[in-house]
Each structure stands twice: as structure tokens, then as C-alpha cells.
Amino acid sequence: MGRTNYQRGYEIERKIVHELTQRGFLVVRSAGSHSKVDVLGISRRRILAVQSKRTKRLSMAAYRKEIAEIQSTIKEHDIDEVIDFEFWVWVDRQGFRKWKVTADSVSEVA
């Protein structure tokens with residue numbers, strides 16, 4: 001029997017937790033919350049909110065709604081300069097692709 005969507009999502013969130021921890025962040029995972037933030041990383045210089053997805057083939061068009069909701073949240077709470085939002089997509093057999101999301105733009109990050 002294959003893994004459930006929850007299990008696949010959990011695996012990706014654990015990868016994010018590990019990466020952010022390695023980069024020196026205090027990390028909190030929002031388990032099963034269905035919120036705009038799956039993982040929150042906090043350091044002295046930065047608060048990073050990450051929304052994650054997993055796919056076999058990348059199509060950013062599939063994530064327009066989620067990105068628009070993040071942008072709406074940023075605008076609604078006026079937190080563009082307080083919290084950095086990133087959208088991370090795990091593409092099977094390729095790894096993470098990452099985008100910085102602001103109130104008005106989306107740009108891929110290394």
C-alpha cells in the first residue's frame with residue numbers, strides 16, 4: 001500500500017525543518033493545520049514562513065491560488081516587512097524549487 005498525501009506532505013515538511021535547522025533557525029512545524037504556513041523559521045535577523053507542496057511535475061499555474069492567498073494575507077496584515085514568505089515545491093527526483101512571495105511579486109530563489 002502506498003503512502004497517503006498526509007505522509008508525503010509530512011516527509012517534505014520534515015526536509016524543510018531539517019534544512020532550516022541546519023541554517024540556524026529555530027523551527028516550528030504547523031502539523032496538519034491547512035494554514036498558509038507549514039513551517040516557521042525564526043532567527044535573530046529573519047522570520048521565514050514556508051508553505052510547501054509536493055508534485056511529480058512542476059506547473060506553477062497549479063499554485064496560483066495558494067500564492068494569491070499568501071499575498072492576500074501579507075496585504076491584509078501588513079506584514080511584508082516583518083515576515084518573509086516563501087513557497088517551496090518538492091519536485092520528485094529533482095528536489096526543492098523555492099519562491100519568495102511578497103504582497104506584489106513572486107520570484108524564484110536559489
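Two residues are taken to be in contact when heavy atoms of each lie within 4.5 Å, and a residue counts as buried when its relative accessible area is under 20%. The model described here is predicted.

Helix H2 spans residues 64–77 and comprises 14 residues. From its first C-alpha to its last, the helix reaches 20 Å, close to the 20 Å expected at 1.5 Å a residue. Its buried residues are Ile67, Ile70, Gln71, Thr73 and Ile74. Viewed down the axis of H2, these buried residues fall within an arc of 155°, and they therefore line one face of the helix.

Asp38 is buried, yet a salt bridge is absent. Lys53 provides the nearest side chain of opposite charge, at a distance of 5.9 Å, whereas a salt bridge requires a side-chain nitrogen of Lys or Arg within 4 Å of a carboxyl oxygen. A polar atom of the Asp38 side chain does lie 2.8 Å from the backbone nitrogen of Ser52. With neighbours within four places in sequence left aside, the residues in contact with Asp38 are Glu13, Val28, Arg29, Ser30, Val50, Gln51 and Ser52.

Conventions: Residues are numbered from 1 along each chain as its sequence is written. This is a predicted model: local features need pLDDT of at least 70, side-chain atom pairs count only at pLDDT 80 or more; totals for chains, interfaces and linings use all residues. Side-chain values use heavy atoms; hydrogens and water are left out. Helices (H or I, at least four residues) and strands (E, at least two) are DSSP runs, numbered from the N terminus. The expected span of a helix is 1.5 Å times one less than its number of residues. Buried means under 20% relative accessible area, exposed over 50%, partly exposed in between (1.4 Å probe, protein chains only). The arc is that of the directions from the helix axis to the C-beta atoms. Lys and Arg count as positive and Asp and Glu as negative; His and the chain ends are not counted. A polar contact is a pair of N or O atoms within 3.5 Å; within protein, one must be able to donate a hydrogen and the other to accept it, and residues adjacent in sequence count only if both atoms are side-chain atoms.
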